[in-house]
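Reader: I have not seen this structure before. Could you take me through its open and enclosed spaces, and then through one of its helices?

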Amino acid sequence: MRFPDDFLWGASTSSFQIEGSLDADGRGRSIWDDFTIETGETGAVACDHYRRWRDDVELVASLGVNAYRFSLAWPRIVPDGRGAVEQRGIDHYSRLLDALLERGIEPVVTLYHWDLPATLDWRDRDTAERFAEYAAVCFDSFGDRVRWWITINEPWVHGILGYADGIHAPGGKDLRGAVHAMHHMLLGHALAYERRPRGETGIAFSLFPTYPESESDADREAARICDGYHNRWFLDPMLKGGYPDDMLRLYEDRVGPLELEPIPAGCDFVGVNYYSRGVIRHDPDGTPFPYHVLHARNELDVELTDGGYEIAPFGLTDLLVRLKRDYGDVPVMITENGAIYYDAPHDPGRVEFLRRHVEAVGEAIAQGVDVRGYCHWSLLDNFEWAMGYKPRFGLVHVDYETQARTVKDSGRAYGEIAARNAL
Ligand code: FCB
């Protein structure tokens, strides 16, 4: 199975999950700096990447991939969230970009991967404006070298886990607040998109294809609502214009009138973060909506990753084909796909997971979907938000005592696929 010429084979990371050095070079505080998680772990050191970035660029190059997706830390560039720009932050990412380009690695740059300056709150409309200003600083500083931009990473996860479920920073516990937060992220994208430089500017969504447990009308309706919650709520405004009516009614039923201002549609590509699919059952007591997502570990008889998620490569093909069917010929990049496996450096589970998902992407391409690249999550084992350092997603193992990096078998297998541009 061959892939298109110029196909990007990347590995993904995000700033807060790997950088550490939270006080270096004038960085401001972010909402994740002080947020307490159950494990008690923090991002203070993480993979110490802020200091080891040169070695990590060599590592990316040594894998043989031709792309690297990473995020800029807003608090390093505009420490107070508004106003003064920190030149040392700009210089840091400038050096990183140059080093990547010197090695022929295409940077795929995320502007925002959840490390919001602590002075800001997505429930406020003002944050969308501040984001667009920050984006403009990044476009001006790096637009000469970056072709692939992602404005915001996963508004659903950041909005719901951070503002409704309280398990991610900033720890909000109110669905109405979360709806406003997600709305302002989409608005922030749109305002930044108006100021986009040349190249391709997209947004990355955590997409979750849903399958009814049975063919009953109730389960099919439940799967449709779950799809609306995770997928259509974001894809419709970005690719068609306007929120889906059915979901707007459901949300207003839960949280009262919303009066969300219209957001101009627009993105040059959609970033797809895909981990697994959902099997959905009607459940009148479901929150926030009347369905239940079956637990792969104990309610389904399916193959699991070490993290307990179903291994469902077909879900990725279905999702990509559906994007084309429902939203037209929008270019797509897989911006995240990966799994928790604990074995290292010999990780046959991840090798298999990776190969099957790359194959699933190839099948979607064969069916006419315009996929521009695949970025595996993650380059390195790293700080997995509320779960701390225990889950390991890396193509490269990190020993957190010594910060030694060891390429896993999956990293080598992936490099070979990238080098051949074929599976
Ligand atoms: C996604 C996040 C990413 C990482 C993976 C496992 O939701 O975007 O930062 O945590 O999950």
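Reader: What volume does the second largest pocket have?
Author: The model is a predicted one, and the volume is computed from it. For the second largest pocket the value is about 230 Å³.

Reader: Which element gives the most residues to the lining of the second largest pocket?
Author: β6, α8 and α11 each supply at least two residues of this lining. Among the lining residues are Asp318, Leu319, Arg322, Arg325 and Asp326. With five residues, the element that gives the most is α11.

Reader: How many residues of that lining are charged?
Author: Arg220, Arg224 and Asp227 are among the residues that line the second largest pocket. By class, its lining has four nonpolar residues and one polar residue, and the number of charged ones is seven.

Reader: What distance separates the end C-alpha atoms of helix α11?
Author: Helix α11 covers residues 313-327, which makes 15 residues. At 1.5 Å a residue the helix should span 21 Å. The distance between its end C-alpha atoms agrees with this, at 21 Å.

Reader: Which elements do the buried residues of α11 pack against?
Author: The buried residues of α11 include Leu316, Leu319, Leu320 and Leu323. Arg322 is also buried, and Arg322 lines the second largest pocket as well. The buried residues of α11 pack against β6, α8, β7, β10, α12 and β11.

Reader: Which residue follows α11?
Author: Tyr327 is one of the buried residues of the helix. The residue after α11 has a positive phi, near 85°, and is Gly328.

Reader: Which residues are closest to the centre of the largest pocket?
Author: The largest pocket has a volume of about 1500 Å³. Of the 50 residues that line the largest pocket, the closest to its centre are Trp156, Val157, Leu161, Phe208 and Tyr309.

Reader: Which element gives the most to the lining of the largest pocket?
Author: This lining divides into 27 nonpolar, 16 polar and seven charged residues. α6, α8, β8, β9 and α10 each supply at least two of its residues. The one that gives the most, with four residues, is α6.

Reader: How much space lies in the largest cavity?
Author: The structure holds one cavity of 30 Å³ or more. Its lining includes His49, Tyr68, His92 and Tyr93, and α1, β2 and α4 each supply at least two lining residues. The space in the largest cavity is about 40 Å³.

Methods. Residues numbered from 1 in each chain as written. Predicted model: local features only at pLDDT ≥ 70, side-chain atom pairs only at ≥ 80, totals over all residues. Heavy atoms only, no water. Expected span 1.5 Å × (residues − 1). Buried < 20%, exposed > 50% of the residue type's maximum accessible area, 1.4 Å probe, protein only. Contact = heavy atoms within 4.5 Å. 1 Å grid on protein atoms, 1.4 Å probe; cavity = no way out; pocket = protein on both sides within 12 Å on 5 of 7 lines; lining within 4 Å. Points joined across faces, edges and corners; volume = space filled by probe spheres on them. Nonpolar A, V, L, I, M, F, W, Y, C, P; charged D, E, K, R; others polar.
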